Amino acid sequence: MDDMEGEGTIKKFLYLNRKAPYGTVYALESLEVVLIGAAFDQDVSLAFVDDGVYQIRKNHNTKVDSGIGMKDFSKTYRVLEDYDVEKLYVEKESMEERGLTKDDLIVPVEIMDRAQMAALMAEQDVVLSF
Amino acid sequence: MAIEVNGKSIETDEEGYLVNLADWSEEAAKILAAQDKDASDNPFELTNNHWEVIHFLREYYDEYQIAPAVRVLTKAIGKKLGKEKGNSKYLYELFPYGPAKQACRFAGLPKPTGCI
Amino acid sequence: MLQTVNKSPFEKNAMQSCLRLSPQGSAVLFYEDGVYAAVKGTRFESQIKEATQQFSVYALLPDLEARGMRAEDVIDGVKTVDYSGFVDLVADNGAVQAWL
């Protein structure tokens, strides 16, 4: 990670989230890396594509008594702003084939179509895929 | 590892953080605090100013499921409790081992994400 | 026979294989990420609706709720079950075929 130590060089980082939450650990791992990485003052974006859109669906209920007994980390996406991670993008096609709209999501996001998403990825220095 | 609270044994990890969030009580917080030393090498005692931060952290965790990093905590405390408390000098004076690390432990939260 | 699917239909073809190869009259249970198949409004809805004509289709409610969905969000003809309902399905159907 020598590149990250170059003083004053701000790079464009994109975290690409493509997995549903809870079934695998990818979604939570990605979120934790984002929060840790936030200390490095880079230009960070998050993209939610494919099943990754499900990560930010509202109304998760994972309680021990009535549910699966795992941590509901969907609530944590709401602190990203406090960590100065403010650029969240959702691919329109992924959202639509799941019957979801912007109103179903727990945080404000910018909706991009497939071409815009591809363009966003093309302009990154680093894409971290989860 | 474990601590004894009101005759009941409560599990902690190797760094002294509670394993189960639900095991926390104010009594547990006092016992966790007393494991540390204050500036005069006496067992750490919790004042109202400490409790204010501890309760803030528990509410924050309940709402966001995360123990905040120091700079985020400082900002959030400032918003909630005022500027004179929302700065790292104040928080480090209260919790000399680090406001996030030490206060989170007393509050029964896991170690903050990104804290080494 | 109880057929179980625990993968998202968007990500894996487990659901497709299950619906293609399970004997008529089987019980089919969606759980974990598999529950996304059972929800209204996705591109799999018509396929699941058709499947309810051939199979008894179930979805595990705690897994739906964990992911932000409720019993009323599942496709008509799909029944939700809780953990004890899951156990009953296993007990009633004898053998379990897990589509991983």
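Let's start with chains C and A: 17 residues of chain C are in contact with 21 residues of chain A. Keep in mind that this is a predicted model.

How much area is buried between chain C and chain A? About 1,600 Å². Carbon and sulfur atoms give 47% of that.

Now the charges. Between chain C and chain A we count 2 salt bridges. One of them to look at on the screen: Arg43(C) with Glu97(A), side chain to side chain, 2.5 Å from N to O. Polar contacts next. Chain C and chain A have 8 residue pairs in polar contact, both residues at pLDDT 80 or more.

Which element of chain C gives the largest share of the side that touches chain A? Helix 3 of chain C, residues 61–66, with 4 residues. By class, that side of chain C holds 7 charged, 6 nonpolar and 4 polar residues.

Step back to the whole assembly. There are 2 pairs of chains that touch, and the pair A and C has the most contacts. Chains B and C are not in contact. Their closest C-alpha atoms are 15 Å apart.

On to chains A and B. Here 14 residues of chain A are in contact with 16 residues of chain B. The buried area is about 1,200 Å², and carbon and sulfur atoms give 50% of it.

How many salt bridges lie between chain A and chain B? The count is 3. Take Asp84(A) and Arg71(B): their side chains form a salt bridge, 3.4 Å from N to O. Across this interface of chain A and chain B, 8 residue pairs are in polar contact, again with both at pLDDT 80 or more. The side of chain A that touches chain B has 7 charged residues, 6 nonpolar ones and 1 polar one.

Last stop: one residue inside chain B, Lys85(B). Find the loop between helix 3 (70–81) and helix 4 (88–94) of chain B; Lys85(B) sits there.

Is Lys85(B) buried or exposed? Its relative accessible area is 18%. The cut-off for buried is under 20%, so Lys85(B) counts as buried.

What does the side chain of Lys85(B) meet in a polar contact? The side chain of Glu52(B), at 2.8 Å. Leave out residues up to four places away in sequence, and Lys85(B) touches Asn49(B), Glu52(B), Ile77(B), Tyr90(B) and Leu91(B).

Technical notes: Residues numbered from 1 in each chain as written. Chains lettered and ligands numbered in written order. Predicted model: local features only at pLDDT ≥ 70, side-chain atom pairs only at ≥ 80, totals over all residues. Heavy atoms only, no water. Helix = DSSP H or I, 4+ residues; strand = E, 2+ residues; numbered from the N terminus. Buried < 20%, exposed > 50% of the residue type's maximum accessible area, 1.4 Å probe, protein only. Polar contact = N/O pair within 3.5 Å; in protein donor to acceptor, adjacent residues only side chain to side chain. Contact = heavy atoms within 4.5 Å. Buried area = accessible area lost by both parts, 1.4 Å probe. Salt bridge = Lys/Arg side-chain N within 4 Å of Asp/Glu carboxyl O. Nonpolar A, V, L, I, M, F, W, Y, C, P; charged D, E, K, R; others polar.
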